[in-house]
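Here is a short note to read beside the model. Please keep the structure open and check each point as you go.

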Amino acid sequence: MIDLRSDTITKPCNKMLDAMLKAKVGDDVYGEDPTVKQLENLVADYFGMDKAMFFPSGTMANQTAIKLHTNPGDQVITHDYSHVYNYEGGGASFNSGVSFKLLKGEKGIFSSEQLLDAINPKEFYHAPLSKLVSLENTTNKGGGSCWNVNDFDKINKVCNKNNLGLHMDGARIWNSLIVKNDDPKLYGKFFDTMSVCLSKGLGCPIGSVLVGSEEFLNNALRIRKILGGAMRQVGYLAAAGLYAIENNIERLKEDHRRAKELANHFSNKEFVDNINDVETNIIIIDLVNSSKKKKLIEYFTKQKVFFDWHSMGPKKIRLVTHLNYIENNHKNLLEIVDNCMV
Ligand SMILES: *Cc1c(COP(=O)(O)O)cnc(C)c1O
């Protein structure tokens, strides 16, 4: 079986499990888990930020960030493709009572000019108060695209001038860092808060971390408690994160290479209208028409190959390479793709 539905489907290797078993733990609700502390300090330092906090999911970390930045009635400016808007169950309205203003832009990326135009003038009290900008790196629905640090700088300046918070949904930040070779500490200069995920490319079973400035993170403890995310001997999970940061970042290059090769093998197929320019581990294929999808599902399912057939829209499919998709899986799949005559 080959499962490329998502990079979340990975299972921990024995060494990671071993690190988890050996973790020193305590009750993290009392702030007494040394392994959680170690992970939080490491991640804060890694990104050049003041503080970090461990979360059970990326969604909860993002939702906490939105709550920290906004009051009910405020508006969040983000891309039309963004996870916080599309894939968090409407949580921003439920948890924070905010609305979104959605920006367009290639591959899930927008410009500082677009942002400037989108800000509601403060004195125009008929419109919601623009309060937070949230961007995604890499972009999920945008096909794993990476932002340029220059754009962060420009967007950060617009935010500062207009009193807007700046949050990054960095679920796949590690993939971007590998491709762009950016110094992660730079990010601390531009963002007030960032959520980073341990359970995608890095292969942990659970976990995200919210990093940010002291000003914002000091209140995060209360919000996480309210959302039900205060956990007890959670050092067992933080230990997986420590192992992953140490061992699983560099190897993302392999995921990126395999994704590019897969995209190449799909590119001359009759059923393909367009494929995103693959930068990281996500391949989004636009089909010539939605009726091809059924036949493709049949063909690949018969070969025990699974893609994300539905979440990106009726004419799109998504493939995501990951830690458990190894070289012989890859060789097999390339052959299966080459033989596909749908
Ligand atoms: C996966 C993902 C998240 C968070 O997902 P969880 O399943 O809640 O950990 C957030 N943003 C993006 C872009 C994602 O891909």
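This is a predicted model: local features need pLDDT of at least 70, side-chain atom pairs count only at pLDDT 80 or more; totals for chains, interfaces and linings use all residues.

Where is the place of Thr138? Thr138 sits in the loop between strand E5 (130-136) and helix H7 (149-161). That opens the list below.

1. Residue numbers count from 1 along the chain as its sequence is written.

2. **A cis peptide bond.** The bond from Asn137 to Thr138 is cis. Its omega is near 0°. Thr138 belongs to the loop that runs between E5 and H7.

3. **A positive phi.** Lys107 is a residue other than glycine, yet its phi is positive, near 60°. Look for Lys107 in the loop between strand E4 (99-103) and helix H6 (112-118).

4. **Two domains.** In the contact between them, domain 1 supplies 19 residues and domain 2 supplies 15.

5. **The largest pocket.** This pocket holds about 360 Å³ of space. It is lined by 18 residues, and the closest to its centre are Lys37, Glu40, Ala52, Met53 and Leu221. By class, the lining has eight nonpolar, two polar and eight charged residues.

6. **The second largest pocket.** Here the space is about 270 Å³. The lining has 14 residues, and Tyr81, Gly142, Asn274, Asn276 and Lys316 are the closest to the centre. Strand E9 (272-275) and strand E10 (282-287) are the elements that give two or more residues to this lining. Its residues divide into three nonpolar, five polar and six charged.

7. **Position of that second pocket.** Why does the second largest pocket lie between domain 1 and domain 2? Both domains give residues to its lining, so the pocket lies between them.

8. **A helix pair.** Helix H13 (residues 252-267) packs with helix H15 (residues 327-338) at an angle of about 10°. The axes are 9 Å apart. Angles under 35 degrees count as roughly parallel, so H13 is roughly parallel to H15.

9. **Residues in the helix contact.** From H13 come Arg257, Arg258, Glu261, Leu262, His265 and Phe266. They meet Glu327, His330, Leu333, Leu334, Val337 and Asp338 of H15. The classes in this contact are five nonpolar, two polar and five charged residues.

Definitions and conventions. Side-chain values use heavy atoms; hydrogens and water are left out. On a 1 Å grid over the protein atoms alone, a cavity is a set of points where a 1.4 Å probe fits but cannot get out, and a pocket is an open set with protein on both sides within 12 Å along at least five of seven lines; lining residues have an atom within 4 Å of a point. Grid points are joined across faces, edges and corners, and a volume is the space filled by probe spheres set on the points. Ala, Val, Leu, Ile, Met, Phe, Trp, Tyr, Cys and Pro count as nonpolar, Asp, Glu, Lys and Arg as charged, and the others, Gly among them, as polar. Helices (H or I, at least four residues) and strands (E, at least two) are DSSP runs, numbered from the N terminus. Domain bounds come from an automatic or database domain assignment. Axes are lines fitted to C-alpha atoms, for helices over the stretch in contact, and angles run from 0 to 180 degrees between N-to-C directions. Angles under 35 degrees count as roughly parallel, over 145 as roughly antiparallel, 65 to 115 as roughly perpendicular and the rest as oblique. Contact means heavy atoms within 4.5 Å.
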